[in-house]
Every structure is written in structure tokens, then in C-alpha cells.
Amino acid sequence: MSDRLAGKVAVVTGAGRGIGRAVATAFAAQQAALVLVDIAADITGVPYPMASTSQLDHTARMCRELGAPVLTAVADVRAAQDAERVAEQAVERFGRIDVLVNNAGVAGPSGKIVHEVTEDEWAVMMDVNLGGPWRMTKAVGAAMADRRGGSIVNIASTAGLVGYRNFAAYVASKHGLVGLTRAAALDYAPYRVRVNAVCPGSVRDAEATEGRMLAEIGRSIGIEPADHEAAFITQQPMNALVEAEDVAAAAVWLASDESRRATGSVISVDGGYSAR
Amino acid sequence: MSAHTGTSDDPIGTACHGDVHRVPAGTDARACRRALSEALDADPRLLGGGPLRLWCEPVAGPSGGALADRRRDRELRIPVAESGTSPVRLTLLEYEDGVRDLVVVARSARVGRTGLTAIAVAALGAEPSCGAAASGDAEESRDAGRVGDAVAPGGGDGPTVSAGRGGVAAPGAGPRTPSIRSATGSPDSPGDAHGAGPAEFSFALPDLPPSAGSARDLACALELVLARTCDERRTVLDVRGPDGRVSSRVPGRDEGLSVAEYRAAAAGPHPSAATPPDEAGARFALTVDTDVPAATRVRHRPAPTGGHGLAVHVEPDGQGGLTALARYRPSAVPEWRARAVVRHLVHVVGELAGGDQRRALADVPLLDPEERDRVLALGRTEGGGRAAAAPIHELVLARAAAAPLGVALTDGGTEVGYRDLTDRAGRLAHALRSLGVAPRDRVGVCLERTADLVVVLLGVLMAGATYVPLDPAHPKDRLAFTADDAGLGVVVVDEGAGAADAFAQGVAVPLGRLGRMAEHAPSVPPDSGVGPDDPAYVIYTSGSTGRPKGVVVPHRNVAALLDATAEDFGLGPADTWTWFHSAAFDFSVWEIWGALITGGRLVVVPYWTCRSPDDFRDLLVRERVTVLNQTPSAFLRLLELERGDARLTDLRLVVFGGEPLDARGLLPWFDAHPESRCRVVNMFGITETTVHVTARTVTRADALAATRSVGRAIPGWSVRVVDDRGRLLPPGSAGEIAVAGAGLAAHYLNRPGLTARRFVTDAHDGTRLYLSGDKGRLLPDGGLEHLGRLDSQVKLRGYRIELDEIRHVLLGHDAVRAAAVVLGRTPGDEPTERLDAYVVLDGADPAEVRGYAAGLLPEYMMPGTLTPVPELPLTVNGKVDVVGLPAPDEPVASAPPPGAPADAPEAAGATSLGTVLAAWREVLGTDCSAADDFFDLGGNSLLALRIVHTLRDRDVRVGVREVYRLRTAGLLAEYADLRAERPVAAG
């Protein structure tokens, strides 16, 4: 049995589906206890549905089948009091928090040239993708620093490393998250709290994880749903899309003590996309 | 995570304990909550002051499944945060089959064990069970126990309860191995830097009732186990009894008491241990709870104790007996050791509680019979005895018959073939007979190392006599003593050699005369008249004390030695051996007869070549030697030459013997000579056991790990480790190495008393044993760790110190190639008694090595001096010659750090510093500055006291404590000035 995260308590945001679900189940398989967080409601201004409570419960069930103790929490990372409540509940239920995976994020509203992006579109993107990780970090950081240990894993994107046409707000938010990662890593380094980022490339929307981000990105740039996988693959040096499990594997490593001297690092899991 | 080695099992405040209770059918979360709410109204302190909060969580499996079992266990390990709103966490696990468990976890400091029970009773309405009463309730709890805890061995109906309350089953009655549930890492505290967190396993004590008496017996038993198996100087046992009181004790060794007296004494108060050890591996804990748990309880998890290498928690099992959890830190106490301690505990507590009460404590066995057998088997290597035992000379004759023209000996330009060798020896045998030598007579051989010496040795054996080798380089007194002690009527000597004077008139027979007598004798040797059990040689060993004693070794042993090793080492006619060691040192028995019995070629190394590593290496290269036998000290010199200029390419086997090997030192050897081309074998042995006892092929891994293992017994030999009462010790415990098997010498010559003391019969199994006087420890793989001579332990200022231990630490420094540590002093002056270390350095300065050692050795073990030497002097036998070491350097005074005005205040003179410095110089006998460290200057507690007295005479008041604490004259003077309320000297 694998026990790379034995005894660790991990909070995963955006756990209802996609990469969040893959991270949650990978952590459960490595013996972590889990606090699964999702907004489980749609967000005004985001042109596609968020995960449902049923999807969050399904992730929880998958984790429990792996033997993990699980606490689910419906919370909005845009709200500071929600972030604090999650942290408080996690500590009441599991005694402490060892790992925070800031996975919740949105890909749209996107698809416009920069000067056409509205105030609201810009704001919601920043609020979720950059403000969310900052609020969650704020909610757990002090306790981790007091305990002299912890690992924060920010799920950024290749959009945190390079630009994408017609994705200004998204790219800016993910670049911002990479910046937050590096700054927080330095702030927390003396306390042995580590902060790292994973930058996934184009992740396939798998049925098991019910991912839909690639479809949304495709839709926002006008690619037909039936064609979008093929369209993205042509961009990939390895001629294959990234799987959510590939991203989860990097998160497991960063969450575990195996990476105890890695902080402020930005790890690409993109099939070589950003290497060009 | 943090890299500091833990001083606590609980680095993040998770000192929690918990219970799992099976919820009665029909009780759901709402009912639980309601019941708790009512109870909380009646007793607001029920939950330790926290609010009522019940977490409900589904479990994806039936209550009896493995997943449910894991889930319960994990829930118990989830800590309650100190910062949380409540010190209690209540979780309802809801299984797929409708069964529920209530898990109550609490911070142990806020809610005790009875508190835990009270919460469950309040939530579930259960009452504490009443032991193993055969009521329906008890039956139920038993079932629940099986579901949850599965502590009872076997899968039978109900728990195994053997007859006899208070008496653990008699030895042999059923499996006595404690039934162990799991050995999973405990994830409720994070691991150390290497991920090695605490681990645990549980075991059952079904026959001990939950009572104060059992608690006392368990404490007695564990104390006895630790006293027998641990280093008594360093071990502490913390015991928390049912009353919650904690006592710390250093496991004692008064084993003269009877069992009854010991148990009675244990009931009284225990003095607390004065000095807790700093190593977790030496600190043990025992907690015994006797409160009977609630009937619904299916599992309990006790709170961890802090800073213990091994902590045992004992509590009622709800079935009238006890169950226990052993928690250990694998980095301090490896799993096998933790399990061994538990096994001994279970056995000894049964012996104490159920055995003969009038028996002396010393007679209570630590090991159960099964383990005893296992330990003995571990030290024994089967095999050997395949070849027919035959006298040595017959084995050589067989070789000569098989390959008469094969070269047996090379001595300079001379070569002697096998047939030639046996012919010449045969003729000599006749000559010896004509001198009156009869079978089983002892014949002295005192010759320079030449091919002739081998011929004479073989001739002596062919005459049926026993050879007694005498080294002509030895002092005459010693030669005379040996000849007298062995009752030698004939000693073969070199023509005109001075050594002949050592022997009585008519005893010394010059080799030339013997040769002339042999000239016309037949080459076919006479009937030797001896068999394999007759003595082949008597070799005198000096030991570290007392006069030399002759060790009588039969022919059979040498045959067995080659039988045990020839196949493994691949020894055969293709090999070329060197004969390096004096015939009076038994390593030569291996060299000479090892080569000749296996048909190899033996190259004689002249005495002066032995003393010159360059010449010796030339010889090895020239003669294409394949098998080299060396003491590690002698080999080190050869190794120096091979570094970067590997010429010994024909060597395929290096055998070390005679001295402890410092495996680390072999790294450069392996760089030049990979293990795949030249095998390196370390052998431990003693003259009394026929050269060798154990063998270990040394690899780079061993060198990197600086292994002290000398390997397993060679086939036919066996080793065991016994304590000072001759009782068998388990693996891991240090004691005296005892050897049995094919290599045991017959006896000491003319020393029946000594023979009876050292060659003993084991009271248990009747095995003949040789008590070696060497300290060692059996490893779990059957390897033996050699820890030096028992008498290398010295006592210095009240501390017992192992010189070998210090030496080992010094050798741990990369630049130290060899080291020796001796107890030195100015004659007649005890306070100057100190440890003198000598090191052969490669690139570091002594101060660096001193600093390194200071980081690893306790202050009382720090050598007072550290003297670099170009090489360590060796004795005739190639071992370190302690007497030949030079006078030690003065204790090192460290240079003041750059820019430190070390001498500036001194110039002022008016302050205490001048006085203090003067006192230091007088007492320490060395020049020093204000910044020199007291200990670097060779300081110790007595010298500190002298300084204090000297200063008091001069009106400067300081205490010994300040000398220790402040450590430099500068700081001490400053302190004295402040204390005297004099103005501090302006710096």
C-alpha cells in the first residue's frame, strides 16, 4: 500500500471534478485525510457551469472507498469568511492542515482581445484564480507557520508561463499565481512551509474526472466540441494531451516530504508545451 | 519536515488518546447527540469544556471488512488540535451494513481515560464491562473485540485464555510469541527528515488480570529485561502505574534477590533516576492502566509518551486479561529490537508471576526455550565436517602424492616441490625420533623464517610430535619461559643463533645437526602414531594480562578450518600465499597449512621484508601472490603504496585477522581493487579457536557504513554472546563472545584452573564453550559485531570508557587513516590521568579532528591529547604496539580567532585575568591565552577543582561550574570581576 501522504491532512479546492478530483483521489490513495472544497454553484459572469454538490459528493465517495477520512465543504474561494470557515472546520475535524492545494479556477470569460475585456470579466477571473489561492493561503498559512511545516500547491497553468492570444485575464491571473507562489515561498521559507506551483498544459477532459476546462477553452476560441481534442493535440510536442492524473502525481510529490527542499518551484506538466 | 531528532513523540501537540465503541443497534446519530446533550446538561465538564459536536462519516464498506478496520484505526490517529474549540472529537462512523462505531478522541491532558469512558457511557448508555464474566454482555464485547481489535491469536471461537490466572501459560504451551496486530507507521505525527516516524504493534497478555499486582510485575519484568539486555549505564525506564504516578528508574542488577523479594521490593517507592539519558534509544516507558473499559469498547489508542525509544502501554482487554501497545522510534530502536524486548517482557512477566517464587532473580530466564534455540541457531553455521578429519601431515602428504612436482615453497630464489618437501620432512621426522622424540612429545621450533622452518614443522608433525613455535625475535626470558612451561626436551634452533642461549643445556638442537642426522634417513616418514585428536601445535598467547599460556590445538581443528573455508574462498593449487606472520602467531597456522593443505604455493616473506611495505609489495608483485593474509594495521601500510599506483593486480583474496578492522579505511583500496576482482574477507578469531571463528566478505557498502560486523561463524563453528553470569543474551545485547564448535582448542597447557575458567560447559545444552574475553554483540542477521576486548574498558574519573569506542569515532573522520587511544598519565598523579589519542592523518589538522570528535563524544570520553603520528608502531605480530607509541603532544592550545584581542586585557594585569591565566598555566601545565578552551587544554573535573582552589588562594572566587560553563580564562576572569563588583576591565 502506498503511504506517501500518511497522516497528512490536505485541503483541496475545486475538488468536485477535473484536476481537483484527480488530486483528491491520488491523495486518498496515499493515505491523506481530505477536506474537499467546491463552490458547487454557478458563478455570475462565468459562462459555464461549475461543479455540482453531487459531483463533490462523488469525489468524496471515491476517496472514502480508498479508505480516506473525508470532510466536504461547500465554499467560495472569493469569500474570505468561507476560506476561514474551511480552515476552521478542517482543524476541528482533523486536528491540523498539512497540505493546501489551490486548484479552484475558471477558464472563462475568455476569448476576447484585451481591450474588449470588461471590468466584471477581468474582476471575476482575478477574484477566483488569483484572489482565491491568496485567501486560502491566508486562512491556513499562520497555523502552518506556527507548526513549522506545511505544503501549499498552487495549480497554475502554462498560461502562467507563456501568453495565449485572447486569454489576457486568464493569462494574467495565472502569471499572478506563479508570482504569488514565489513570493509566498520566500515569506514562509523560514517556517518550513513550502509553496510551489504546478503548470498543467492542455488537460484532457476525462469522463472519470468529469473535467470540462479544455472544452471551455476550445469553446471560447470557437473550436467545435467534437474537434477540440484533435486541435489541441497538434500543439503538443509529445502529441498527447496531459491527463489530470499526471498533474495529481506532481501534486502528490509536492505535498509529500519527498519534496522537502523544493519551495518556490514552478513545475510544468505540459508534455513539453512551454519548452518551445 | 524538521530534521531535528525528536525529544518528543508529540512534536506538534497531538498527545491524544481515544476509544472506538460499537454503537448498540437502533442508536443513530440523533439518539447519540440527544443522549450526549442531556449528559452535558447534567455535567458541563463531560466534554472537557468543549461544545458538543458529532461528526458523521460514511465508510465505504461493511463494519467487518478490512477497510472499516483501517478506517477505525485511522480515526483514532487523527489528532485533536490544541487550538480547537474542544479537547474532544466525536465521530460516528457509519458502515454500509448499518453498523455504527462511535470514535471518541481526546487530548489526554484534558480528558483522561475514565473521562473517555464516561463520554461513551453517556452517548451509548453502556456500562463498564465486568471482566471476563461469562454473561451475555461479556460475550458481546468479546465478539466486538474480535471485529475491532483482533488481538487474540488464532481464529478460534473466542479469545485464547489459558488456565491459571496470573500465570502466563507454561513454556511450550501454545504459541508464546505475543500476537502482533500491525506494525504500521504511525501517521499521527510526521516522520523525521528521513520519513521514519514512530511505529507500533500490539500484543496480548491474556493471563494477567487488570490489577495493581500485574502492573507491578510488568514493571519488574521490564526492568529486569532492560537490566539484562541494555547498557546499564545509559538506560532509564519511566513507569507510570495505575495511580498515574510516574517513577523513573535505572534498571538495576541486584539479581541476588529471590523473585518474591524482588516483587515485594517493587511494591515500595522507587527512587527517581538521577540523570536521564539524552538518547531516545536508551529511554523506555511503561504505562499500565487497570481501569476496566466500557463493554461497548472495541479499540483503544493510548496517548503517546514523550521522548522514548520504546513505550509500552498496557490496559485491560475487556476479557479479564490485558492487552498492550508497543510504540517505538525505528531510528532509535529498530523493529526487531522492539519486538525482542516485548517478547522478553511477556516471557519474564510470566516467570515472575507464575514461576517459583523462591528462585533467585538471576535464575529467571530471559529467553523462552524457543527463542533460546533460535538465538543459538542464529550464531551457528551448519556445514563443515565433509572432509575426513586427518592429521595435518597426512593432508600435506596427500597433496604431494597428487602433485609431487607442484611448488610448495618459494623462499627467495629457492623453490621446494611438494614431493621434495615431504621427503625432507620425512627424513627429519626420523632424525627427531632418533633424538628420542616420541609421539605426542612437544618439540620447540625457534628458527628464522625460511623454507627450512616449514620443513621442520612438518617433520615434527610427521614424527607424531607437537610443535611449539618460538619466535627468535622474542626476548630470551620469554623463550626460556616457554621452553620451560612446555617442558621442551628439544628445541630446533638456527646454527649459531643467540636465541639458543635461552634454552637449557642440551635442549637446543641446531638445525644443521638435525639435518646431518636426517641425511641418511629414509624419506618415507615413520608411522606418526597420532590421529586427528592428538595435538598438532601449542601456541603461546600473552593476552593482555598475566603470563603467556600455551594453547593446545589438535590436528582435527586445522583440517576443519580448511574444510570450512576452502570451498567458499576457492582455495586451490592455483593460489600463491604469503607467509608473513611469525610462526609463534597463530595467523601463520592459517598461512602455512592453508596453503599446503589446499595444494597452493607458499612464499616465505623474510622478516625484514615484513617490516618494509615497499619491499613486501615488490615481493607480492614479483611472486604474483593471489592470497594475502594481513592484520589491518600492516595492510594499511601496503594500502598507502597502492593508492594511485595499483600494482597488486594478481591478488584475488585478502583475509584480515588478528585485529579489529576499520572498514572505512578500505575505501581507497576498493577504488584501486574492485571487489569483483579481489575479494576482501574480514575474519575474527582467537588462538583458542584455531585462528578464525567468523568471516565476512567486506564490500564498499560495509566500508561506507563503517561496519563493525565480523560476519557469521564459519561452517562448523558457532558463536553466542553471554552476560557476566554466562547467560545467553539475545541479538543486540553486548556481552562476552563465547565460541563453540570445531575450532575449540583442547586446553591450556598445564593450566587446569585457567582451562576450567575459559573452556566451560553450557549449563543448558552441555555445549563446550570458549569464553573469549572479547566483547561483542550478535546481530539479527547472525553476524557478530566485535566490540574489542572486555578489558579495554578503562575507568576514568568514575566513568567507564571503552577505548575502542573512542577509536572508532576518531576513525569516522575522513582524514583519519588510523588511530589508537590509550590511557595516559604522569606517573603517580591521578588528576593528570587522561586519554591520549594518536592518529595517522591525511590532510586534516589535529584541531579539526578534535572538533569532530568533540561533536560525537561525551566530554568525559574526549581524549586529553591528540597526537598526529606518521604511522602507528606495530608489534612483531603486526598489531598496534601500544608501548611503542611516542609521548603525547601537549594538550592543544587553540589559536585565538583572528582579530580577537586575546592578550590585550592581559597586559592590564591589574584585573583578575592575569591571575586566572597564571592559575590556568600552572594547573594545566601549558601556555594558554584568554581565549583558549579549558577542555582543549586537557581540562577535566579535577583540574577544574585545582584551578578553583588556586584562585581562591589568590582571592579570586569562582566555582567549578563556572570553569566548565565559561571555558575560557577570559570569560572566567570577567565573571570573577563582575562577582567581586570590581569595575570590569576596559577591553
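**View 1. The contact between chain B and chain A.** Two residues are in contact if their C-beta atoms, placed from the backbone, lie within 7 Å. In this predicted model, the contact between the two chains takes 28 residues from chain B and 22 residues from chain A. On the side of chain B that touches chain A, strand 2 (54–58) and helix 2 (66–77) of chain B are the elements that give two or more residues, and helix 2 of chain B gives the most, with five residues. By residue class, the side of chain B that touches chain A divides into 13 nonpolar, eight polar and seven charged residues.

**View 2. The open sheet of chain B.** Five strands of chain B form an open sheet in the order 2-3-4-1-9, and their pairing is mixed. Strand 2 of chain B, an element that also gives residues to the side touching chain A, is one of the edge strands, the other being strand 9 (297–301) of chain B, and each of these pairs on one side only. From one strand to the next, the twist averages 20°. Within the sheet, strand 3 (residues 88–94) and strand 4 (residues 100–107) of chain B pair in the antiparallel sense over seven bridges, and B:T91 has B:V103 in strand 4 of chain B as its bridge partner.

**View 3. Helices lying across the strands of chain B.** Helix 2 of chain B, which contributes five residues to the side that touches chain A, lies across strand 1 (16–22), strand 3, strand 4 and strand 9 of chain B, and runs at about 20° to strand 4 of chain B. Helix 3 (residues 113–124) of chain B likewise lies across strand 1, strand 3, strand 4 and strand 9 of chain B, but its angle to strand 4 of chain B is about 145°.

**View 4. The packing of helix 9 and helix 15 of chain B.** Helix 9 (residues 392–402) and helix 15 (residues 587–597) of chain B pack with their axes 8 Å apart and at an angle of about 40°, and the two helices are therefore oblique to each other. From helix 9 of chain B, the residues B:I392, B:L395, B:V396 and B:R399 meet B:W593, B:L596 and B:I597 of helix 15 of chain B. The residues of this contact comprise six nonpolar, no polar and one charged.

**View 5. The domains of chain B.** The domain assignment of chain B gives domain 1 (16–132), domain 2 (199–370), domain 3 (790–884) and domain 4 (904–979). Taken over C-alpha atoms, the centres of domain 1 and domain 4 of chain B are separated by 64 Å.

Notes: Residues numbered from 1 in each chain as written. Chains lettered and ligands numbered in written order. Predicted model: local features only at pLDDT ≥ 70, side-chain atom pairs only at ≥ 80, totals over all residues. Domains from an automatic or database assignment. Axes fitted to C-alpha atoms, helices over the stretch in contact; angles between N-to-C directions. Helix = DSSP H or I, 4+ residues; strand = E, 2+ residues; numbered from the N terminus. Parallel < 35°, antiparallel > 145°, perpendicular 65-115°, else oblique. Nonpolar A, V, L, I, M, F, W, Y, C, P; charged D, E, K, R; others polar. Pairing = 2+ DSSP bridges.
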